[in-house]
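Open the viewer and keep the selection panel at hand. Each stop below says what to select and what is there.

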Amino acid sequence: MTKFHGQCHCGNLEVTFTTAKTPDQFTPRACQCSFCRKHSTRALSDPTGRIDLMAHDEGLLERYRFGTGITDFLVCRKCGVYIAAYMDDGAAAYANVMASVLDNQADFSAAAPTDYGDEDATGKRQRRREKWTPATLRIG
């Protein structure tokens, strides 16, 4: 397993992405929703991996929700960086991470456009359970 570390610009939000995959085995996704287009996303996930997110100062963590309202888009209030999408799912949680926040971001390829506009909340939850990475979000 390889651990990829990253953080927002000011360091308040950190991520460790643990995966058996190498960067060349990923095709980052560029979701075509208006939020993701505005952030030039390159989303990564691995259902057999692990994403550990940390917010050092909870007051600087923005949990932005839109659309179906089932996912927190984690943005730093201090520096404005979008680090990950996080979906709490009862006893479990799933996330993806933005390649641009990883220390080795240049190792990941350009993103392929993806469109999930036809999915309802149930479809989004199911896809994320299958495709996203099991995750934790710690505060402090």
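How many bridges join strand E4 (residues 43-44) to E9, and do the two run parallel or antiparallel? The count is 2, and the strands are antiparallel. Keep in mind throughout that this is a predicted model.

**Stop 1: strand E9**

Select residues 92-98. This is E9, and 6 of its 7 residues are buried, so the rest of the structure largely encloses the strand. Buried here means under 20% relative accessible area.

Click Tyr94 and follow its bridge into E11, where the partner is Pro134.

**Stop 2: strand E8 beside E9**

Select residues 82-89 for E8, which pairs with E9 over 6 bridges in the antiparallel sense. Tyr86 has Ala95 as its bridge partner in E9. Met87 stands opposite Tyr94 in E9. Tyr94 is also the residue whose bridge partner in E11 is Pro134.

Go to the turn of this hairpin. There are 2 residues between the strands, and Gly90 takes a positive phi near 75°.

How many residues of E8 are buried? The number is 7 of 8, and the strand is mostly covered.

**Stop 3: strand E7**

Select residues 72-76. This is E7, tied to E8 by 4 bridges, with the two strands antiparallel. Val75 stands opposite Tyr82 in E8. The hairpin of E7 and E8 has 5 residues between the strands. Check Gly80 there: its phi is positive, near 85°.

**Stop 4: the nonpolar core**

Which residues of the largest nonpolar core touch the most other members? Select Val15, Leu44, Ile51, Leu53, Tyr86 and Val97. The core has 39 residues in total. Colour by element to see the contributors: E2, helix H1 (34-38), E4, E5, E7, E8, E9 and E11 each supply at least two residues. E8 gives the largest share, 6 residues.

Stay on Leu44 and show its contacts. Leaving out residues up to four places away in sequence, Leu44 touches Phe17, Phe26, Pro28, Arg29, Asn96, Val97, Ala99, Leu102 and Phe108.

**Stop 5: the cavity**

Turn on the cavity display. The structure holds 1 cavity of 30 Å³ or more. About 40 Å³ of space lies in the largest cavity.

Which residues line the largest cavity? Select Leu13, Glu14, Leu53, Met54, Ala55, Leu61, Leu74, Ile83 and Leu137. Strand E2 (13-19) and strand E5 (50-55) are the elements that give two or more residues to this lining. E5 supplies the largest share, with 3 residues.

Finish by colouring the lining by class. It has 8 nonpolar residues, no polar ones and 1 charged residue. Leu53 links this stop to the previous one: it lines the largest cavity, and it is among the residues of the largest nonpolar core that touch the most other members.

Conventions:
Residues are numbered from 1 along each chain as its sequence is written. This is a predicted model: local features need pLDDT of at least 70, side-chain atom pairs count only at pLDDT 80 or more; totals for chains, interfaces and linings use all residues. Side-chain values use heavy atoms; hydrogens and water are left out. Buried means under 20% relative accessible area, exposed over 50%, partly exposed in between (1.4 Å probe, protein chains only). Two strands pair if DSSP finds at least two bridges between them. On a 1 Å grid over the protein atoms alone, a cavity is a set of points where a 1.4 Å probe fits but cannot get out, and a pocket is an open set with protein on both sides within 12 Å along at least five of seven lines; lining residues have an atom within 4 Å of a point. Grid points are joined across faces, edges and corners, and a volume is the space filled by probe spheres set on the points. Ala, Val, Leu, Ile, Met, Phe, Trp, Tyr, Cys and Pro count as nonpolar, Asp, Glu, Lys and Arg as charged, and the others, Gly among them, as polar. A nonpolar core is a set of buried Ala, Val, Leu, Ile, Met, Phe, Trp, Tyr and Cys residues joined through side-chain atoms within 4.5 Å. Contact means heavy atoms within 4.5 Å.
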